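Please look over the strand pairing and backbone geometry of this model. A short report follows.

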Amino acid sequence: MYCLQTPVPAVKTCLQCETSLCEDHLSAHNRSLDHVLIEPTSSLENRKCQTHKKLLEYHCCEDAACICVSCFVTGPHKGHQVQSLDEVVRVKKQTLREHLEKLTSMSGEAEKSVHCLQDHRRKVQEKVSDATERVSSLFMDLRKQLGDLETRVLSEISRQKEKISLGISDLIHQLKTQKDELSRMMGHIEELCNMDDPLTVLQDEESELSGFNNSVKVDLTATQGGDEKNYDEGLVTLILHTALSELSTAAKRGFCVSEATDLSLDIETAANKVIVSGDLKFASWSQTPQGREEKPERFMSYCQVLSKTAFSKGQHYWEVEASNSAYWMVGVACASIDRKGMKSKMGRNTKSWCLNRADKCHLVIHNSVSTTLSPESPVCRLGIYLDYEAGRLSFYQLCDPIRHLHTFSATFTEPLHAAFLVWQDGWVRIKC
């Protein structure tokens, strides 16, 4: 696009003059006229009214159309509410600026989220890398220790074999020696039997047979053998058991794996329709009340029971077996959970987190907010892992392979008990 007065590039186009101007002619134009200037263009037809061939300078509010002065003075928009394009554009730009501000804010939040996710990814990668290194190191060490243990156990078996073999060889040598002695004595006795002199025979029998009887007694004792002449399988088993237990303990300690928590049910909290077994490991629903007295710690509205043990720190793990049908819940609850009313039910308050099985449906619930789970098979055996300080409660389906079902993230501020609910022939059993 060039200036109409000189062959140099235009910098602006005047809508009123319908001409394009270079820098020099634009300066002179601006000193004498106050026209609307736009970026250089060779076509102004789209800026003119198709009917009156005049510039579009107004906006009809009723028809939302750009119009010329003739359109609303004598044309189809006569009597309509109109505004100058400058005013409409000013309002439009204000709206756009507000949108831009919101979008800028959203863009900033998105950028922050990107940085947070990148940082999270980096931390996860570092954690995974660290876990990979630790697991590799752990198994390398385990393989070495297992190799050492194999050598030690095989050495013990070999030692016993050599000891037993030497003992048996010694016995065989003794028996052979005694057998030779017996053969010699048998030959001598045969000689005596063939003698005709009675006095010689009688005298010789008294001296020789005494030694013969003693030799036979020694022979019989020697052939029986003691424990030292047998393979000691118990010792080998004990070495293996002790060493493998030490390896397992060391591996768990090195990888921060807690031993399974030994839990038992607190019958003082058990609702009247909850049957608790004598070993305090099994809870089942009963249609018949158990006649327990009402007390502050006992659940009165729902068939629930808590564990005796409370967790206020550390990492804990326990396993639960549950009925393949009926209705049950397992999870954790604060010691201060209500014992009466609608809010006392597990999952319906801020003080409990649970996994629920009902009508072949599996849900995780907290504060009345539920999430449906879709395990590949009915959940009958569960592993529950609690990391108190990290605020994590995880549920795992104990099948092959083990499957993660759900993890709650929270800030725990009170001691937590393992919690259970049974209903309509449901039951749960603490496995460890």
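Strand β8 and strand β19 (residues 427-430) run antiparallel and are joined by three bridges. Strands here are DSSP runs of E with at least two residues, numbered from the N terminus. Two strands count as paired if DSSP finds at least two bridges between them. Across this pair, alanine 283 stands opposite valine 428 in β19.

This is a predicted model, in which local features need pLDDT of at least 70, side-chain atom pairs count only at pLDDT 80 or more, and totals for chains, interfaces and linings use all residues. Residues are numbered from 1 along each chain as its sequence is written, and side-chain values use heavy atoms, with hydrogens and water left out.

**The sheet**

Strand β8 (residues 282-285) also pairs with strand β7 (residues 274-276). Three bridges join them, again in antiparallel fashion. Here alanine 283 in β8 stands opposite valine 276. The β7-β8 hairpin has five residues between its strands. Leucine 280 in that hairpin takes a positive phi near 60°.

These strands belong to an open sheet of seven, with the order β7-β8-β19-β10-β15-β16-β17 and antiparallel pairing. Its edge strands are β7 and β17, each pairing on one side only. On average, neighbouring strands of this sheet are turned by 20° against each other, direction ignored. For that angle, axes are lines fitted to C-alpha atoms (for helices over the stretch in contact), and angles run from 0 to 180 degrees between N-to-C directions.

Leucine 393 stands opposite phenylalanine 408 in β17.

The loop between β16 (392-397) and β17 (403-409) contains proline 401. A cis peptide bond joins aspartate 400 to this proline 401, with omega about 5°.

Which residue has a positive phi of about 50° although it is not a glycine? That residue is alanine 64. Asparagine 367, also not a glycine, has a positive phi near 55°. The table places both residues.

| Residue | Loop | Relative accessible area |
|---|---|---|
| Alanine 64 | between β4 (58-60) and β5 (65-67) | 58% |
| Asparagine 367 | between β13 (361-366) and β14 (369-373) | 35% |

Alanine 64 is exposed, whereas asparagine 367 is partly exposed. Exposed means over 50% relative accessible area, buried under 20%, and partly exposed in between, with a 1.4 Å probe and protein chains only.

Definitions and conventions: Helix = DSSP H or I, 4+ residues; strand = E, 2+ residues; numbered from the N terminus.
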